[in-house]
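Subject: Structure handover

Hi,

Here is the model I said I would pass on. Have a look at it first, and then read my notes below.

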Amino acid sequence: MTQQWLDACATDDVDDEDLITLDLGGRFVAIYNTPQGFFATDGMCSHEDEPLGDGLVMDGVIECPLHQGRFCVRTGKALSAPAVTDLCSYETRVENGRVFVKV
Amino acid sequence: MITNAKTSNIHLDKKALKALMRRSDRPGLIYLGSWLGLLAFCATLVMLSVGTWWMVPTLLIYSGIFAVPAYALSHECAHGTAFRTRWLNEAVFWLTSLLYYEEPLHRRYSHASHHTHTWIEGEDNQMPFAPIPLTFSGWVEEILGLGLYCHQTKMFVSHSLGVFSDDVKRVTPESELPRMQRNTQICVAIYLGFAAISIWFGWLWPLWLIVIPRVLGGPIMNAFILMQHVEMAENQPNIVQSTRSFRTNWFFQFLYFNMNNHIEHHLYPTVPFHALPKLSEALTDQLPKPDAGFLNTHWEVLKITVRRSLGHDDRSDKIRQAFPDTPAGETNDTAMA
């Protein structure tokens, strides 16, 4: 399937060291605002399909709100139990105060 | 069946939740330091009183102070919420899980199932071993923790050999089973190695300060654990109906890492122990009143199990209790209000 850049949200929509989740191009995506920039991964935890929206973003890691499975927000890599399956990560770019995600 | 804040119709503003979830090493280090300091003080009293009658009260007090926080801190570290620094969290998790007598990875996965399917028969891997609702003999079994000792010992043996039950496989990804086997082998090696060194050098202090206190403190620890869900509604998605919070004094809150706020913990498990009282305040309007006191609540549970065993009325108007005959497993909150 061809990937395309989609306008996801304004940079102001995501607080510092936080995330939002939204439907984007048929996918449920999490967009993170970190000191290293904006990143995007799948929005559901790969462990038990819990939405990550109420999770904790800290030091470039998203922690699932239900079981505290942890993923790297940059790569989607599962970092600790009970999460073992990586999340899909998506390219992002910021233009004119908007966050674009390639999905 | 899934159990979480959404299935319990509880809502908390995201900004408020984010503030409560904030991690720090400081509260965990203060708690850990206070616990170790208190243990060192009581351990000195125990060793000084060996061979005298003073040993009975000092050992009992030491056992409670040893076992309850070992369980509570292991639980907090299983969630990854005790410390901000990950290696510190994992190091304390290993140490306290060894004291609690459970391999850490298994502890993490079985506890994850307890949170996903709280008090759902056949899905929650941390339900009591005795049949529920508890009779008096079931209460004795749970308080002594005999089922738990047998279960954990069996798992230390079978997991070391790479044999896993269907229950364990149901909650653990297949790719994690080799790691669970390796971890279990490390735990068994630590237990056996420590026992061998103690025997070789003729040390008695591990017996007085670790083994006996774990066994003597077990019932006190199990009394805290039992309060979390006993007499509450099974097999329904609302955590408020399946879980109990209770008030208790500052010392028991310290020993139990604030887990007396247990409904709050199940609703938002990412909130660390030190922020649970604030979370409780934030949810006051949405939650039933906590039961009054650890000892009062437990005494009431004990009376219920005795009455039930004798075939008498097992209803209580002093603690929250499910009405098992209602489809939604409603509790007596309204009656008590």
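Glu231(B) sits in the loop between helix 10 and helix 11 (239-242) of chain B; helices (H or I, at least four residues) and strands (E, at least two) are DSSP runs, numbered from the N terminus. Glu231(B) has a positive phi of about 70° although it is not a glycine. With 25 C-beta neighbours inside 10 Å, Glu231(B) counts as buried (buried means 20 or more other C-beta atoms within 10 Å of a residue's own, exposed 12 or fewer, partly exposed in between, with C-beta atoms placed from the backbone).

Before I go on, note that this is a predicted model, where local features need pLDDT of at least 70, side-chain atom pairs count only at pLDDT 80 or more, and totals for chains, interfaces and linings use all residues. Residues are numbered from 1 along each chain as its sequence is written, while chains are lettered from A and ligands numbered from 1 in the order in which they are written.

Asp49(A) is another non-glycine with a positive phi, of about 55°. Asp49(A) is in the loop between strand 4 and strand 5 (56-58) of chain A, and with 9 C-beta neighbours inside 10 Å it counts as exposed.

There are cis peptide bonds to check too. One runs from Ala81(A) to Pro82(A), with omega near 10°, and Pro82(A) lies in the loop between strand 8 (78-80) and strand 9 of chain A. Another runs from Ile132(B) to Pro133(B), with omega near 0°; Pro133(B) lies in the loop between helix 5 and helix 6 of chain B. As you know, most residues other than glycine have a negative phi, and most peptide bonds are trans.

Now the sheet in chain A. Six strands form an open, antiparallel sheet in the order 1-10-9-4-3-2 (two strands pair if DSSP finds at least two bridges between them). Strand 1 (5-10) and strand 2 (18-24) are the edge strands, each pairing on one side only. Neighbouring strands are turned by 30° against each other on average, direction ignored (axes are lines fitted to C-alpha atoms, for helices over the stretch in contact, and angles run from 0 to 180 degrees between N-to-C directions).

Strand 9 (residues 89-95) pairs with strand 4 (residues 37-42) over two bridges, and Tyr90(A) is the bridge partner of Ala40(A).

What about the core? The largest nonpolar core has 90 residues, and Ile31(A) and Tyr32(A) have the most contacts inside it (such a core is a set of buried Ala, Val, Leu, Ile, Met, Phe, Trp, Tyr and Cys residues joined through C-beta atoms within 7 Å). Its largest share, 12 residues, comes from helix 3 (residues 55-78) of chain B. Beyond its neighbours within four places in sequence, Ile31(A) has contacts including Phe38(A), Ala40(A) and Val99(A) (contact means C-beta atoms, placed from the backbone, within 7 Å).

Last, helix packing in chain B: helix 6 (residues 136-144) and helix 10 (residues 205-226) pack at an angle of about 120°, with their axes 7 Å apart. Glu142(B), Ile143(B) and Leu144(B) of helix 6 meet Pro219(B), Asn222(B), Ala223(B) and Leu226(B) of helix 10.

Cheers

Key
Two residues are in contact if their C-beta atoms, placed from the backbone, lie within 7 Å.
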